[in-house]
Amino acid sequence: MQIDWSKLFSYINGCADRKTIEEVESWREKDSRNEEFYRRTRDYYANSPTRNESFSKGQLDILYKKMLKSKRGRKRRALWQRTTVAASVILLLSAGVWWYYTGNMHDESEAHVSVHATEVIIITEGGDKFTAKQLDSGIARQVADNKLEYSARENTSEEDATRVEKQVPRHTIIVPRGKTFELVLADGTFVLLGPSSELTYPVQFDSCSTREVTLRGEAYFEVTKSSNRFAVNTERMKLQVYGTTFNIFAREKMPVEAVLVEGRVGITPGNGTGETILHPGDMYSIDEAGDIKVMQVDLAEYKAKRNGYVLFNGKTIEQIVRSLELYYDVDFVHEGAVPDTREYVFSVKRTSSLREVLDVIESVADVKFVIDGKEVEITRK
């Protein structure tokens, strides 16, 4: 039995009608995990009575420490069977991540991102390959091990005209499995690239044309406001904004998805027929057949990613391990279907080890994991 989050919220805050009260109390009695979920949520709102779907890094760190407070010897962990329909279920119990359900971005014969690569590399138009440390410091500087920042520069019309005539150089950054990478473009736009992803972009932007990049894989964008539009091209759609925050999922053989977190964007499918305007909370999806869907989604999970968490909300073990393959550069193997088909809600820091993540899953799920090099075997307990 699932429970609608709005009903649980009204029950906790003492504003539910009798029918809702009876439904929530029946749900609490049905499963001890439901009761534990309720108590943690109630305790959270005792200290924070206002519904809040936007969490700071500090808050997330506190919640994460609470989740992992239980040691391996204790049966209960911060991995919960899904109990909500509306997943605005506070990050206390973790909202879930959208991230990855497939392994490689392309077929191996045409792959841009090698599944065996271990370093983030940048490729110039001439085909030269560099690590972030090796790039010309006049173009970009490495801010941290996983962050590269391109140099911003004031442009005059004369400079712009010269650069348009010569064509602005473009770089392609390639992030392999097991890595994520932060990139600050020359206009100040922040990009968080997911595992097995690549982004092609100009090293500088001119003041008289659209700021345009091309994405394969997945990325979270915080676009710097400008009089010029910012466009993201994928295989099946083009997204245009002036300044906003959004996430794009564009993997091979999967629907291409764009989720708007803040601002306003327009999306045009690859065939160029008609623009769809998104508002915060909208998710635009287009599949291989060109079918388009627009629906409302919970934004808490997308905001949390910006704070360094991998989050899962209502995901099966099968879906979870497909994402973990990308984040930890491993392959999960099992005979037949994964034995546990229930849906779970949990979060981990991107810096958590694979063993730590698997221990959390094992503590409540009906599966166990054996790590053997780059392979992880899944078996029933």
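I began with the burial terms: buried means under 20% relative accessible area, exposed over 50% and partly exposed in between, with a 1.4 Å probe and protein chains only. Asp187, at 18% relative accessibility, therefore counts as buried.

**Entry 1**

Residues are numbered from 1 along each chain as its sequence is written, and side-chain values use heavy atoms, with hydrogens and water left out.

I looked up pLDDT, the predictor's confidence in each residue, from 0 to 100. The chain has a mean pLDDT of 75, and 73% of its residues reach 70 or more. Over residues 66-116 the pLDDT is below 50, although the model gives this stretch 179 contacts beyond near neighbours in sequence; a contact means heavy atoms within 4.5 Å. Residues 47-57 also stay under 50, with 21 contacts beyond four places in sequence. Where pLDDT is low, the predicted coordinates should not be read in detail.

**Entry 1. The chain as a whole**

I recorded eight helices and 23 strands. Helices (H or I, at least four residues) and strands (E, at least two) are DSSP runs, numbered from the N terminus. Of the 381 residues in the chain, 51% are buried. Among contacts with a separation of 6 or more, 59% come from residues 24 or more positions apart. The chain exposes about 18,100 Å², of which carbon and sulfur atoms supply 46%; the areas come from the Shrake-Rupley method with a 1.4 Å probe, and for residues only the protein chains shown count as cover.

**Entry 2. Aromatic pairs**

I found five aromatic pairs in the structure. Rings of Phe, Tyr and Trp (its six-membered ring) pair if their centres lie within 6.5 Å; planes under 30 degrees apart count as stacked, over 60 as edge-to-face and the rest as tilted. The pair Phe221 and Phe246 is stacked, because the ring centres are 5.0 Å apart and the planes lie at 15°. Phe221 belongs to strand 10 (residues 211-222) and Phe246 to strand 13 (residues 245-250), so the pair ties together parts that are 25 residues apart in sequence. Phe221 is buried at 0% relative accessibility, and Phe246 is likewise buried at 0%. Ring pairs link Phe221, Phe230 and Phe246 into a cluster.

**Entry 3. Asp187**

I placed Asp187 in the loop between strand 7 and strand 8 (190-193). Beyond its neighbours within four places in sequence, Asp187 is in contact with Phe205, Arg211, Thr224 and Phe230. Phe230 is also a member of the ring cluster. The side chains of Asp187 and Thr189 make a polar contact of 3.0 Å. A polar contact is a pair of N or O atoms within 3.5 Å; within protein, one must be able to donate a hydrogen and the other to accept it, and residues adjacent in sequence count only if both atoms are side-chain atoms.

**Entry 4. Thr180**

I located Thr180 in the loop between strand 6 (170-175) and strand 7 (181-184). Its relative accessible area is 15%, so Thr180 is buried. The side chain of Thr180 is joined to that of Arg350 by a polar contact of 3.3 Å.

**Entry 5. Helix 7 and its cover**

I checked the length of helix 7 (residues 317-328): at 1.5 Å a residue its twelve residues should span 16 Å, and the end C-alpha atoms are 16 Å apart, which agrees. The expected span is 1.5 Å times one less than the number of residues. Ten of the twelve residues are buried, so that the helix is mostly covered. Among the buried residues are Ile317, Arg322, Glu325 and Tyr328. The cover includes strand 19 (309-315), helix 8 (354-362) and strand 23 (375-380). Asp329 follows helix 7 and has a positive phi, near 55°.

I looked up Lys315 in strand 19. Lys315 is buried, with a relative accessible area of 12%.

Arg380 lies in strand 23 and is exposed at 52% relative accessibility. Leaving aside neighbours within four places in sequence, Arg380 is in contact with Pro339, Asp366, Val367 and Lys368.

How values were computed
Predicted model: local features only at pLDDT ≥ 70, side-chain atom pairs only at ≥ 80, totals over all residues.
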